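Please read them with the coordinates open beside you.

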Protein chains: 2
Amino acid sequence: MQTRESCLQADSLDPLARLKPLFSLPPGVIYLDGNSLGAMPKAAHARSTQVIEQEWGVGLIRSWNTAHWFDLPSRLGNKLGRLIGAGDDEVVVTDTTSLNLFKSLAAALRLQGHAHPNRRIIVSERDNFPTDLYMIQGMIDLLQQGYELRLVDQPAQLERAIDADVAVLLLSHVNYRTGYMHDMAAVTAMAHRHAVLTIWDLAHSVGAVPVDLAGAQADFAVGCTYKYLNGGPGAPAFIWVAPRHRDQFWQPLSGWWGHSRPFDMAVEYQPADGIRRYLCGTQPVVSMALVECGLDIALDADMAQVREKSLALTDLFIALVEERCQGHPLTLATPRDHRVRGSHVSFSHPQGYAVMQALIARGVIGDYREPNVLRFGITPLYLGFADVWDAVEILKDILDTGSWNQPAFHQRTAVT
Amino acid sequence: MQTRESCLQADSLDPLARLKPLFSLPPGVIYLDGNSLGAMPKAAHARSTQVIEQEWGVGLIRSWNTAHWFDLPSRLGNKLGRLIGAGDDEVVVTDTTSLNLFKSLAAALRLQGHAHPNRRIIVSERDNFPTDLYMIQGMIDLLQQGYELRLVDQPAQLERAIDADVAVLLLSHVNYRTGYMHDMAAVTAMAHRHAVLTIWDLAHSVGAVPVDLAGAQADFAVGCTYKYLNGGPGAPAFIWVAPRHRDQFWQPLSGWWGHSRPFDMAVEYQPADGIRRYLCGTQPVVSMALVECGLDIALDADMAQVREKSLALTDLFIALVEERCQGHPLTLATPRDHRVRGSHVSFSHPQGYAVMQALIARGVIGDYREPNVLRFGITPLYLGFADVWDAVEILKDILDTGSWNQPAFHQRTAVT
């Protein structure tokens, strides 16, 4: 039986508690939406001042060399690679997750076009994050080569959906809504038994759960830096390509940044060796530079400790909600099994939208996802056990008093 | 005959001189590379502090609504549209120029695929900026539908290259190397006589020369905000689609930001009405927000005055170089004819690279472009007549003394 005192005791023993002071969080807020937009590292403002006032304002064009702007995608990519089991020159930070999905899907389809030219099926989950599905749909419509999207309703149906017609399996490692986490190594091995290539979207896993792309023998991966990596709003995304595939194909978003010698101004595209061929155009330097502030904190944390704390906090959150809020129509959408749980917890509630607005008004910031899902991101780098206790007490109060049932809490905003 | 005094006199009469104090420029520098990376508006640092410390740090996820992050691409696009003869809901600021070229090329080919399904030629210039050519090559290679790139060596050859096999004509309005400016209305009319769709890359014209996309009856345009618009290093680019084409096709980089109701989390992509269907993924908010600082200055300037001053400054620069540096092997690469001149001036010199490095070491920052081209961006918002005089005097001194001929000035850097 947990108490607030036992939570404070757990906080006092937490080896990651030393990292919380590196983040700026507003007073009166318990932030449970770091899986949507991570909190601000305190170093971010000084870094932006340096980039804007010194590198841009004084260095001007020279900063592409002197401030190493040109190397940012690779340098940050190499740092990020250490969080996902990737080696140097396997990751670049660039563009958006959606665009990196397009590049990896184009590459995977091209590789399969050589090996298995008749395969025309791309498999994903109906509950995958929509942009993953939309990018597949855009590619299919563009190519006009008879590709089809095959969607499964449950992870357990995946194996049945994989057959000799399938070219590519594109999955989110951790589901954005439920928090279900695939066994990357097992699913990849299953796909490979059928000669299917895999693309993993790590948006909801990088920085939150251990990822070992090399160990899983994965093929392609993409992901996001503005969630658990705390890179800043809309910060550039990343792409990883297994070295065995990397130099076999140039991806079709073949802008000058991916050229082997961009400043030769050659007429013919010639892809760079290595992962830089997955670059396209000039990158947003200020947003890109800020990614490093969050990355450096993540690299300072022991990922095994992060995972241990994440499971402890999500266990605590589930246990407290079920104990303290019993009698209210909350249904757990997140797996109880540690092996398949990511780092956020979702409960559905028939009035989920209004309940979340009431929580936010009380300073407990989670988010809402259709349909009816209250989503709570559990970020071990800056959340503690007492935070979880306090959040659940506020949820309990809102449900017990029915204070969610106000007109203002039912008004939909553009971004929910 | 110009003198430094006559230049100072011209500066004292310059109606745009009031804008120079809005920019931060380092002491001792004459900045002639604003066509590569524009100078820093002094407002940029305060804006970044607001976005990082307040909107991100305090507002956190709520800022997508409360700080209107979600609307940034449209709001900035509408502002930018006023500089290029576009109406509201015709422009979004997003992604990179290269990616926006891909979207517009996909849309143009699809439109032609309905109207003229046998046309398989895309025309451009051999001297177009390489990324434009590389993106075409990437698209051709991806589609595998028999498309071909037809390149012309001179603008005068364009008309001969346009025939009933041509689907799309993709040109830079102002050439990145020579500063040659196409007559957009005349070229578009010529293309349309042959039922060819046009894509204009405005990277070297927006903010520097008058652009009237509606008046030219153009089809598609893309461009860059980090050059003459002073949006910051690698700031997001823009795309414009003529209203008559805009809603006829959804472009294949169909990420969730282009969806009509992104937060419904629907499985099927349904494009937004209007120009937002040309969005793809989540945008880099900090870099994006800074674009507004530069845009606001550009909108405060009278574009006719900008053009008048640009021509006066480029005339002066050409006249002074030819007068003061005569006897040195400098060859003008930029048109003398005002009707076809953009806002930068290029001279070739057999030792162009070393001469430019010597200039930069003396605080005259232009840039070098293969082969042998010294490129000088003339930015009327923050350059004056005496700046041009002083720059040419330093060039003259470097050439007269041969001080460019030092080993350090021959060492190539990653980005030249």
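1. In this predicted model, the buried residues of α12(A) are A:G352, A:Y353, A:A354, A:V355, A:M356, A:Q357, A:A358 and A:L359, which is to say that eight of the ten residues of α12(A) are buried and that the helix is mostly covered. The elements against which the buried residues of α12(A) pack are β13 (364-365), β14 (367-369), β15 (373-377) and α13 of chain A. Just after α12(A) comes A:G363, which takes a positive phi of about 95°.

2. Two packed helices are described by the angle between their axes and the distance between the axes. For α12 (residues 352-361) and α13 (residues 385-401) of chain A, the angle is about 125° and the axes are 10 Å apart. That angle makes α12(A) oblique to α13(A), given that angles of 65 to 115 degrees would count as roughly perpendicular and angles over 145 as roughly antiparallel. The crossing of these two helices, α12(A) and α13(A), is right-handed.

3. Which residues of α12(A) and α13(A) meet? From α12(A) they are A:V355, A:A358 and A:L359, and from α13(A) they are A:I394, A:L395, A:I398 and A:L399. Sorted by class, the contact of α12(A) with α13(A) has seven nonpolar residues, no polar residues and no charged residues.

4. Turning to chain B, helix α12 (residues 352-361) is mostly covered, with eight of its ten residues buried. The buried residues of α12(B) are B:G352, B:Y353, B:A354, B:V355, B:M356, B:Q357, B:A358 and B:L359, and what covers them includes β13 (364-365), β14 (367-369), β15 (373-377) and α13 (385-401) of chain B. Just after α12(B), the residue B:G363 takes a positive phi of about 90°.

5. The axes of α12(B) and α13(B) cross at roughly 125° and come within 10 Å, and the two helices are therefore oblique to each other. The crossing in which α12(B) passes α13(B) is right-handed. In the contact itself, B:V355, B:A358 and B:L359 of α12(B) meet B:I394, B:L395, B:I398 and B:L399 of α13(B), and the residues of this contact divide into seven nonpolar, no polar and no charged.

6. In chain B, B:P371 lies in the loop between β14 and β15, and the peptide bond from B:E370 to B:P371 is cis, with omega near -10°.

7. Two residues other than glycine with positive phi may also be checked. A:Q144, placed in the loop between α6 (130-143) and β6 (148-152) of chain A, has a phi near 55°, a positive value in a residue other than glycine, and A:Q144 counts as exposed because its relative accessibility is 52%, where exposed means over 50%. B:Q217, in the loop between β8 (197-201) and β9 (220-223) of chain B, has a phi near 55°, again positive in a residue other than glycine, and at 52% relative accessibility B:Q217 counts as exposed.

8. Is B:R277 buried or exposed? With a relative accessible area of 6%, B:R277 is buried, although its place is in a loop, the one between α9 (243-246) and α10 (285-300) of chain B. A polar atom of the B:R277 side chain lies 3.2 Å from the backbone oxygen of B:D247. Leaving aside residues up to four places away in sequence, B:R277 touches B:R246, B:D247, B:Q248, B:F249, B:W250, B:Q251, B:G258, B:Y269, B:P271 and B:A272.

9. Finally, B:L320 has its place in helix α11 (residues 303-324) of chain B and counts as buried, at 1% relative accessibility. Residues up to four places away in sequence set aside, B:L320 touches B:Q2, B:C325, B:V388, B:W389 and B:V392. From B:L320 to B:K396 there are 76 residues in sequence, while the C-alpha to C-alpha separation in space is 9.7 Å.

Definitions and conventions:
Residues are numbered from 1 along each chain as its sequence is written. Chains are lettered from A and ligands numbered from 1 in the order in which they are written. This is a predicted model: local features need pLDDT of at least 70, side-chain atom pairs count only at pLDDT 80 or more; totals for chains, interfaces and linings use all residues. Side-chain values use heavy atoms; hydrogens and water are left out. Helices (H or I, at least four residues) and strands (E, at least two) are DSSP runs, numbered from the N terminus. Buried means under 20% relative accessible area, exposed over 50%, partly exposed in between (1.4 Å probe, protein chains only). A polar contact is a pair of N or O atoms within 3.5 Å; within protein, one must be able to donate a hydrogen and the other to accept it, and residues adjacent in sequence count only if both atoms are side-chain atoms. Contact means heavy atoms within 4.5 Å. Axes are lines fitted to C-alpha atoms, for helices over the stretch in contact, and angles run from 0 to 180 degrees between N-to-C directions. Angles under 35 degrees count as roughly parallel, over 145 as roughly antiparallel, 65 to 115 as roughly perpendicular and the rest as oblique. A crossing is left-handed if the near helix is turned anticlockwise from the far one by less than a right angle, and right-handed if clockwise. Ala, Val, Leu, Ile, Met, Phe, Trp, Tyr, Cys and Pro count as nonpolar, Asp, Glu, Lys and Arg as charged, and the others, Gly among them, as polar.
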